[in-house]
Amino acid sequence: MLTYQSYAAHDALGLARLIADGEVTALEVLEAALTRADAVDPQIGALVHRFADRARHRASEPLGEGVFAGVPFLFKDLYTWQEGLPAENGSRLWQGFIAPISFTFVQRAEATGLVPFGRTKSSEEGISFTTEPAALGPTRNPWALDRSAGGSSGGSAAAVAAGIVPMAHGSDGGGSIRMPAAQCGLFGLKPSRGRVPSGPLVGEGWAGLATSHVLTRSVRDSAAFLDAVHGPEPGDPYACPAPAGTYLQEVGADPGHLRIAFHLDGLDGDPLDPENQRAVRRAADLLADLGHTVEEARPAIDIDALTDAVRTVVAANQWNTARMRYAARGREPDGWGLETCTWDFAQRARTLTAADYAGALSAFHTASRVFGAFFEQYDAVVSATLRRPPMPLGTVDTDALDVDGLFDHARREMPVTQFFNMTGCPAMSVPLHWNDDGLPVGIHIGAGFGREDHLFRLAAQLEEAQPWFDRRPTL
C-alpha cells in the first residue's frame, strides 16, 4: 500500500513517473488520495462532491501515455462542466444541475490521463475572494483552521495544501487562483487572456477577465499542465500568441538578466501590511542576488475607473446568468437561492446601459495600454499577492454585504491581482515567505502579455534558490 508520506513526497509529474515505471498502480495512488481526503476534509471543507467509484473505474482502465496518467485530480465546482456530474457553483440556485457536456478545458485536462474524483468548493458564483458560501459553509486554511483559504478557488487550494492531491483546477477572474495560492502556501499562475479556451459554449468569461489553470506545489506541474490545455479552439473570439516551445522546457532554463520592478504599495497606492512589505523586500533582495536588475516602480492606472468597470462587467454577467438559471427552474428572477451580494450584483445590472458596458471595456483597454508600455521597460513586476497575511474566517460575509460592501473589503485586501485580469497579462503567486505565526505570504509577479515563459523561468529559479515543496501544514 502506498503510504501518505510516499504519496505526498511527489508532485504530479513524480507520481505519473512512479505509475509509468510500474512502482505503483494508478489505483493505489487514487486510494492514497481518497484516504487522505477522508482524514482531512472534515477539518477543512474543501470538497463538495466525490465520485470515488467512478474514479476507481477510470484508474483501473488503460490510461494511455499522457503526461499525468494515473494522477488523482480535482476540478473546481464553478462553470467548469464535467459531463454527467453536478455543477452547482457554490449556490443554492444551481443545486441539482447536472452538466450535459464537458468543457474543452476538461476534455484537454482529462486527455493527460488524470483521474478526477471530486469537485472543490467555490464562493457563490465566484464573486468573493474568500470561500465561505452560505449554501455550503466555509473552506478552512490548512495552515490555520480559523483563517480563510482564499477565494474563489479556496477549495482547490486547501485540498492541495492539505495533501489530498498534488494539484487541482482553479479559475481566476480577479485573483481567484493567485490569492488562494498565496494564503495556502502554493504556486498559482494565471495565464494570459486567450491562452486557455473557455468553450465550447462561451468565448470568454466576464469579458475576458476570467481564465482557468491549476494550483500546484511545484512549478513544473503548472508548466506541464499549461502545455496540455493551452491553445485556441474553433470559434474562439481571439487567441494569445503561441509560445516558442513548451512551457515545461522553460522550467530550469536560464532566465537571463531581467529588468524587474517592485512596489511596496498596492497598485491603488495604499501601502501593504508591514509583514507583506517585508516579504516583498526579501523577494526583491533575492532577485537582485540572483543577478537581476531590481528597482522600485509600478504602472500608474486609474483605480476608480477600473473599479467601476469591474462592477459593471460582473453585474451584467451575473444578471445574464441568473435570469437564465431562473428560467430553467421555471420561476421569475426574485433572488431566491442567491446570497445577498450575488443578487445585488444582478439587480444593479438592470440599471446599466450599453454605454456603461462599452465604457467598462474601454477602461480595461486603457489599462492594457499602460501595462503594455510598462512591460516595455521591465520584464516583470513584483509585489505581494494580498495586502496582509491570510484573513480570519468571517471577515467577509457575502450573504450580509451588498456590492459596495464587498468592494470596500476588496480594496482593503486585494492590492494587485485584479489588474492583471483587466489587462490580460499573466501573473503568478510564489510561496516565498511565511510570517512569525507560520502563515504563508505569497509574492505576486506579473509579466507582459503572452510572456508566461518569463514567469516560468523566474519561478523555477526562485524555487531552486528558496525551495518550498517540503514545507507543508500539519493536519
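A residue counts as buried when its relative accessible area is under 20%. The model described here is predicted.

In soluble globular proteins, nonpolar side chains tend to be buried together. The largest nonpolar core in this model has 151 residues, and Phe225 and Ile445 have the most contacts inside it. Helix H11, residues 303-328, gives the largest share of this core, with 10 residues. Leaving aside residues up to four places away in sequence, Ile445 touches Ala380, Val381, Val382, Ala427, Met428, Val430, Leu455, Leu458 and Leu462.

**Aromatic rings**

The count of aromatic pairs comes to 16. Two of them are set out below.

| Pair | Centre to centre | Angle between planes | Kind |
|---|---|---|---|
| Trp81 and Phe97 | 5.2 Å | 50° | tilted |
| Phe374 and Phe375 | 5.5 Å | 85° | edge-to-face |

Trp81 and Phe97 are 16 residues apart, and each is in the loop between strand E2 (72-76) and helix H5 (104-110). Trp81 is buried because its relative accessible area is 12%, and Phe97 is buried because its value is 17%. In the other pair, Phe374 has 7% relative accessibility and therefore counts as buried; Phe375, at 11%, also counts as buried.

Phe225, named above for its contacts in the core, also belongs to an aromatic cluster with Phe68, Phe73, Phe75 and Phe105.

**Charges over rings**

The charged end of Arg36 sits over the ring of Tyr4, 4.0 Å from the ring centre. Arg217 has its charged end over the ring of Phe469, at 3.7 Å from the centre of that ring.

Definitions and conventions: Residues are numbered from 1 along each chain as its sequence is written. This is a predicted model: local features need pLDDT of at least 70, side-chain atom pairs count only at pLDDT 80 or more; totals for chains, interfaces and linings use all residues. Side-chain values use heavy atoms; hydrogens and water are left out. A nonpolar core is a set of buried Ala, Val, Leu, Ile, Met, Phe, Trp, Tyr and Cys residues joined through side-chain atoms within 4.5 Å. Buried means under 20% relative accessible area, exposed over 50%, partly exposed in between (1.4 Å probe, protein chains only). Helices (H or I, at least four residues) and strands (E, at least two) are DSSP runs, numbered from the N terminus. Contact means heavy atoms within 4.5 Å. Rings of Phe, Tyr and Trp (its six-membered ring) pair if their centres lie within 6.5 Å; planes under 30 degrees apart count as stacked, over 60 as edge-to-face and the rest as tilted. A charge sits over a ring if NZ of Lys or CZ of Arg is within 6 Å of the ring centre and within 35 degrees of the ring normal.
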